[in-house]
Amino acid sequence: MPLIHSVESGTGPVPIVFVHGFGCALNDWEQQVAHLSPCCRTVAVDLPAHGVTPGMAEGCTIEGYGAEVAKLLWSLNLPPAVLVGHSMGCRVVTEAALQAPAHTAALILVDGSQFSPIMGPVMKQCFASEEGYRLMVHGMFTDMFTAKSDPVTVAAVVARAALLPAAIGVRLLTDLLRYDVGRFSAALASLRVPVMALQSTYSNETRERSTLRPGQSSPFLAMLTNAVASVSIEIVADTGHFPQLDEPAETNALIERFIALLAECSGQN
């Protein structure tokens with residue numbers, strides 16, 4: 001399979017690689033790329049079957065996506081990079097880091113979550129028909145925004161998700177459940193690089209989403225803290241699942257600060 005589509009901008013000693021979530025694309029990171037590329041080399045990717053990267057259902061797995069990102073890191077011969085993943089992309093960058101450790105400096109996990117086993121029968125029922133899948137995805141994505149979200153942005157993101165073929169979407173969501181229940185925690189525990197969680201929402205066991213406040217935790221953050229002892233957690237308060245779209249200035253500042261701390265630590269060693 002050809003390497004995934006990517007767009008590079010800027011120059012700098014520490015590359016930043018941006019990986020989108022389920023039903024999304026690399027343009028979710030436009031405001032981060034615009035802000036960071038004057039001082040950093042940025043690479044934004046379209047995962048298989050997303051954006052302009054082709055893909056078939058059988059190749060759409062978290063480990064497979066991680067392998068594609070790892071191949072891209074190798075092909076670009078990047079020095080150790082900061083891998084930034086949003087939502088599903090949190091799992092993808094975790095796998096990429098494990099498969100390409102020499103090219104990974106750190107991870108930033110943007111509003112990650114973890115599917116509960118009780119979602120298995122719920123998803124099976126929804127996926128019994130294509131319309132059930134469509135209704136599930138529409139509900140998921142409309143629930144990812146708040147009243148302060150830009151309506152044009154919301155409409156564009158929801159419409160884009162609806163374009164993902166049902167065969168791809170069902171395969172990916174099923175694999176997300178499999179990965180979260182059976183591998184995610186252990187994969188995170190295997191990381192040997194700094195990790196920051198940039199969290200804005202909490203999803204309960206049935207995927208109902210709520211915003212977070214400073215100091216508030218969630219089962220996902222508890223799992224992450226247990227798996228990665230040195231994880232840094234930052235809360236983007238009272239916003240939706242796309243802080244990079246809804247609160248770009250705060251998101252950019254948190255990413256910049258984390259990268260600056262990495263540079264300081266590297267300079268001390």
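How many bridges join strand 6 to strand 9, and do these strands run parallel or antiparallel? In this predicted model, whose residues are numbered from 1 along each chain as its sequence is written, local features need a pLDDT of at least 70, side-chain atom pairs count only at pLDDT 80 or more, and totals for chains, interfaces and linings use all residues. Side-chain values rest on heavy atoms, with hydrogens and water left out. Strand 6 (residues 195-199) is joined to strand 9 by four bridges, and the two run parallel; within this pair, Met-196 stands opposite Ser-232 of strand 9. Two strands are said to pair if DSSP finds at least two bridges between them, while helices (H or I, at least four residues) and strands (E, at least two) are DSSP runs numbered from the N terminus.

These two strands belong to an open sheet of seven strands, which has the order 1-3-2-4-5-6-9 and mixed pairing. Strand 1 (6-9) and strand 9 (232-235) stand at the edges with a single partner strand each, so one side of each has no neighbour in the sheet. From one strand to the next, the twist averages 15°.

Helices lie against this sheet. Helix 2 (residues 62-76) lies across strand 1, strand 2 (16-19), strand 3 (42-45), strand 4 (81-86) and strand 5 (104-110), running at about 145° to strand 3; axes are lines fitted to C-alpha atoms, for helices over the stretch in contact, and angles run from 0 to 180 degrees between N-to-C directions. Helix 3 (residues 88-99) also packs on the sheet, where it touches strand 2, strand 4 and strand 5, and its direction makes about 150° with that of strand 4. Contact here means heavy atoms within 4.5 Å.

In helix 9 (residues 219-227), Phe-220, Leu-221, Met-223, Leu-224 and Ala-227 are buried (under 20% relative accessible area, with exposed meaning over 50% and partly exposed in between, for a 1.4 Å probe and protein chains only). Seen down the axis of helix 9, these residues fall within an arc of 160°, so they line one face of the helix, the arc being that of the directions from the helix axis to the C-beta atoms. They pack against strand 5, helix 8 (184-189), strand 6 and strand 9, whereas Pro-219 and Asn-226, on the other side of helix 9, are exposed.

Finally, with a disulfide defined as a pair of cysteine sulfur atoms within 2.5 Å, the count comes to zero. The sulfur of Cys-40 is 3.7 Å from the closest cysteine sulfur, in Cys-39, which is too far for a bond.
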